[in-house]
Amino acid sequence: MKRMGSPTFRIAGFPALIMLTVMALQGAALKTATTPMGILDLEFAGTVARVDEILQAWQYLNNTALWNNLIDYGFLTAYSFFFAKGIQFLLNQWPIERLQKISGILLLLPWVPGILDAIENAFMLGWLLNFVPAYSPALVYWMVCVKFALAALLLIICFPAWLYNFYLLMRPKS
């Protein structure tokens with residue numbers, strides 16, 4: 001069986017890389033002595049006291065943090081689409097019967113980090129607008145941990161597949 005590449009998957013990686021770059025450049029100002037990791041410090045705050053400390057450090061950067069959070073919605077859409085196309089590509093490349101049986105679950109899995117990221121962003125928007133429910137920093141902390149664990153796993157799977165997809169495009173035709 002001749003393996004075929006996926007043009008959609010090849011293209012899907014670029015919006016995610018572009019959005020990641022835009023977020024990094026736009027959010028660079030959020031890296032301060034109190035928040036050396038920038039917006040990630042807010043994501044991993046964990047307590048109301050830490051959220052308050054971060055918001056105090058960003059008192060003149062609130063608009064930057066708001067915009068960074070809003071831009072993240074574009075990024076989460078782009079990386080979720082990239083992961084979904086990656087899993088679909090792999091299922092098409094290696095039609096292993098056991099994987100095909102659970103393909104429905106595998107095709108939904110790439111959207112889980114994006115959904116968690118969207119919920120987390122909604123909470124952070126609330127925080128940036130001075131509404132911090134007592135339970136929310138701990139809840140967001142655990143959502144962020146799960147999101148990053150799943151996203152790391154999907155990146156480990158999908159990035160090499162993305163490179164392989166380019167190889168399929170460039171390989172000599174026989």
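Trp142 counts as exposed because its relative accessible area is 58%, where exposed means over 50%, buried under 20% and partly exposed in between, for a 1.4 Å probe and protein chains only. The model is predicted, so that local features need pLDDT of at least 70 and side-chain atom pairs count only at pLDDT 80 or more, while totals for chains, interfaces and linings use all residues. Residues are numbered from 1 along each chain as its sequence is written, and side-chain values use heavy atoms, with hydrogens and water left out.

The structure holds 17 aromatic pairs; one of them joins Trp142 to Tyr141 in an edge-to-face arrangement, with 5.2 Å centre to centre and 90 degrees between the planes. Rings of Phe, Tyr and Trp (its six-membered ring) pair if their centres lie within 6.5 Å, and planes under 30 degrees apart are stacked, over 60 edge-to-face and the rest tilted. Tyr141 itself is partly exposed, because its relative accessibility is 29%.

Lys147 sits over the face of Phe148, 4.4 Å from the ring centre, the criterion being NZ of Lys or CZ of Arg within 6 Å of that centre and within 35 degrees of the ring normal.

Asn165 belongs to helix H8, residues 136-170 (helices are DSSP runs of H or I with at least four residues, numbered from the N terminus), and is buried because its relative accessibility is 0%. Beyond its neighbours within four places in sequence, Asn165 is in contact (heavy atoms within 4.5 Å) with Gly5, Ser6, Phe9, Arg10 and Phe89. The side chain of Asn165 reaches the backbone nitrogen of Ser6 at 2.7 Å.

Terms used: Helix = DSSP H or I, 4+ residues; strand = E, 2+ residues; numbered from the N terminus. Polar contact = N/O pair within 3.5 Å; in protein donor to acceptor, adjacent residues only side chain to side chain.
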